[in-house]
Amino acid sequence: MADIDIPEHILALERTAWAEQQAGALTVPTAAAVQAAITEHAAATEGLSRYALEMAVKKAVRQP
């Protein structure tokens, strides 16, 4: 997978979601915020699939 430029606000949202998930307390608003940010950024970036961006975000946060 090519290097993907991930905005810091998306990484921050994913960090929050991952912490909630690890604590067994992930909320729908948190998960929805991450998905909305990923979808919006992928749509605004020509040629970037939402799936590729989501996987890169998860990898960056969960396997630094």
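Is Glu54 buried or exposed, and what is its relative accessible area? In this predicted model, in which residues are numbered from 1 along each chain as its sequence is written, local features need pLDDT of at least 70, side-chain atom pairs count only at pLDDT 80 or more, and totals for chains, interfaces and linings use all residues. Side-chain values use heavy atoms, with hydrogens and water left out.

Glu54 is buried, with a relative accessible area of 12%; here buried denotes under 20% relative accessible area, exposed over 50%, and partly exposed the range in between, for a 1.4 Å probe and protein chains only. Glu54 forms a salt bridge (a side-chain nitrogen of Lys or Arg within 4 Å of a carboxyl oxygen of Asp or Glu) with Arg50, and the closest N and O atoms are 2.4 Å apart. Both residues lie in helix H3, 4 residues apart, about one turn of the helix; helices are DSSP runs of H or I with at least four residues, numbered from the N terminus. Arg50 is partly exposed, at 34% relative accessible area. Through salt bridges that share partners, Arg50, Glu54 and Lys58 are joined into one network.

The structure holds 4 salt bridges in total. One of them pairs Glu14 with Arg62 at 3.1 Å, N to O. This pair links distant parts of the chain, with Glu14 in helix H1 and Arg62 in helix H3, 48 residues apart. Glu14 is buried at 3% relative accessible area, whereas Arg62 is partly exposed at 30%. A salt bridge also joins Arg15 to Glu8, with the closest N and O atoms 2.7 Å apart.

With residues up to four places away in sequence not counted, Ile38 touches Ile10, Arg50, Leu53 and Glu54, contact being heavy atoms within 4.5 Å. The buried residues of H1 pack against H2 and H3; they are Ile10, Leu11, Glu14, Ala17 and Glu20.

Ser49 is found in the loop between H2 and H3 and is partly exposed, with a relative accessible area of 36%. A polar atom of the Ser49 side chain lies 2.9 Å from the backbone nitrogen of Ala52.

Note on methods: Helices (H or I, at least four residues) and strands (E, at least two) are DSSP runs, numbered from the N terminus. A polar contact is a pair of N or O atoms within 3.5 Å; within protein, one must be able to donate a hydrogen and the other to accept it, and residues adjacent in sequence count only if both atoms are side-chain atoms.
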